[in-house]
Amino acid sequence: MQTMTPNAAATTMRAARHERFGTDAADVVSVGSTEIPTVDADEVLVRVHAAGVDRGVWHLMAGRPYVVRAAGFGIRAPKNTTLGMDLSGTVVSVGAAVVGFQPGEEVYGIGTGTYAEYAVAKASKLAPKPSTLDHQQAAAVAISGLTALQAVRDQAEIRPGQRVLVVGASGGVGSFAVQIAKVFGADVTGVASTSKVDFVRSLGADHVIDHTTTDFTEGPLRYDVILDTGGNRRLCDLRRVLAEDGTLVIIGGEGGGKWLGGTDRQLRAMALSPFISQRLRTFISSENGEDLRELTTLIESGQIAPAVERTFPLDQVVEAIGHMASGRTRGKVVLTIDSRTP
């Protein structure tokens, strides 16, 4: 195993931890000391400089919907007590089976427990950090960018000239989806609230609908593709503005009950899709380095860019999660981590 030992042979680190599930970060999350993780053969230890804050972190913190717990994240209490998935940082050590990464290299991607000074990540879920981004910007890319890329490219299969509607265009996934759909040559309409209209337009959207004044499901246009990022509109409403042979991609979902939450729409869409001409799709994003490298190419060529609205230090992780969960964010929220110098 190749390694760069932390100063003073440190064995502990600061991390944002939660020992129990709860919907309010102030009740269940605190910053304290824990052991620096060790790597398995296929893993990389990263000194974390910054970590993204996204809706998925809230769901894992809350244990909501309950299917999250049944999926292996802990039934009565969290299995992994350190929060965080997105990261950008510097490689400290690599497992015996890891090739392509060296200690001292700057990387970004998806790890485990990244709201900490050090975090472990599968080598297959990392890529070299884009040269045009700082760590705070890079930390905002992986989870949201991968989801948007795979929704546009693989699920919607967007083609030049298609009319695409992005619901939730100002959010983490939505802000990437607008930009990537434009890269694929689409005519993009974004849906956002009044205070975010200008932001969505700055992402490159051709048209923006203010959902506080206009019900986009009642308009005369029919869209070839609808990307619904974490919305809660009924399937029948979305289908009404979808072309007869159009594609609806449901990316997450909020609301609903404690057991299924917003996932009930995905289940209904999957059951209905085989019997109609419209394609109703949902998916779980693939966390992989190959697609991260594709995002890197788009970023370094200037075709897309992460939108970081605000950063918080690790000590303010509760405020960061609360701000993200409030729905006021334009793009992404990022935690900055003051790590020890290896």
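Reply: Two rings of Phe, Tyr or Trp (the latter taken by its six-membered ring) pair if their centres lie within 6.5 Å. By that rule the count in this predicted model comes to zero aromatic pairs.

Salt bridges in the model number 19, and three of them can be followed individually. Arg-279 and Glu-157 meet through their side chains at 3.0 Å, N to O. Arg-279 lies in strand β14 and Glu-157 in the loop between α5 and β9, so this pair ties together parts that are 122 residues apart in sequence. Both partners are partly exposed, Arg-279 with a relative accessible area of 26% and Glu-157 at 37%.

The strand that carries Arg-279 has its place in an open sheet of six strands, paired in parallel in the order β11-β10-β9-β12-β13-β14. Its edges are β11 (207-210) and β14 (279-282), each of which pairs on one side only. Neighbouring strands are turned against each other by 15° on average, with direction ignored. Within this sheet, β12 (residues 223-229) and β13 (residues 242-251) pair in parallel over six bridges, and Thr-229 has Ile-251 in β13 as its bridge partner. Helix α5 (residues 142-155) packs on the sheet and touches β12, β13 and β14, with a direction that makes about 155° with that of β13.

A second salt bridge joins the side chains of Asp-315 and Arg-14 at 2.3 Å, N to O. This pair links distant parts of the chain, 301 residues apart, with Asp-315 in the loop between β15 and α11 and Arg-14 in strand β2. Asp-315 is exposed at 56% relative accessible area, whereas Arg-14, at 29%, is partly exposed.

Glu-106 lies in strand β6 (residues 106-110) and Lys-129 in the loop between β8 and α4, so the parts they tie together are 23 residues apart in sequence. Here Lys-129 counts as buried because its relative accessibility is 13%, while Glu-106 is partly exposed at 39%.

Technical notes
Residues are numbered from 1 along each chain as its sequence is written. This is a predicted model: local features need pLDDT of at least 70, side-chain atom pairs count only at pLDDT 80 or more; totals for chains, interfaces and linings use all residues. Side-chain values use heavy atoms; hydrogens and water are left out. Rings of Phe, Tyr and Trp (its six-membered ring) pair if their centres lie within 6.5 Å; planes under 30 degrees apart count as stacked, over 60 as edge-to-face and the rest as tilted. Two strands pair if DSSP finds at least two bridges between them. Helices (H or I, at least four residues) and strands (E, at least two) are DSSP runs, numbered from the N terminus. Axes are lines fitted to C-alpha atoms, for helices over the stretch in contact, and angles run from 0 to 180 degrees between N-to-C directions. Contact means heavy atoms within 4.5 Å. A salt bridge is a side-chain nitrogen of Lys or Arg within 4 Å of a carboxyl oxygen of Asp or Glu. Buried means under 20% relative accessible area, exposed over 50%, partly exposed in between (1.4 Å probe, protein chains only).
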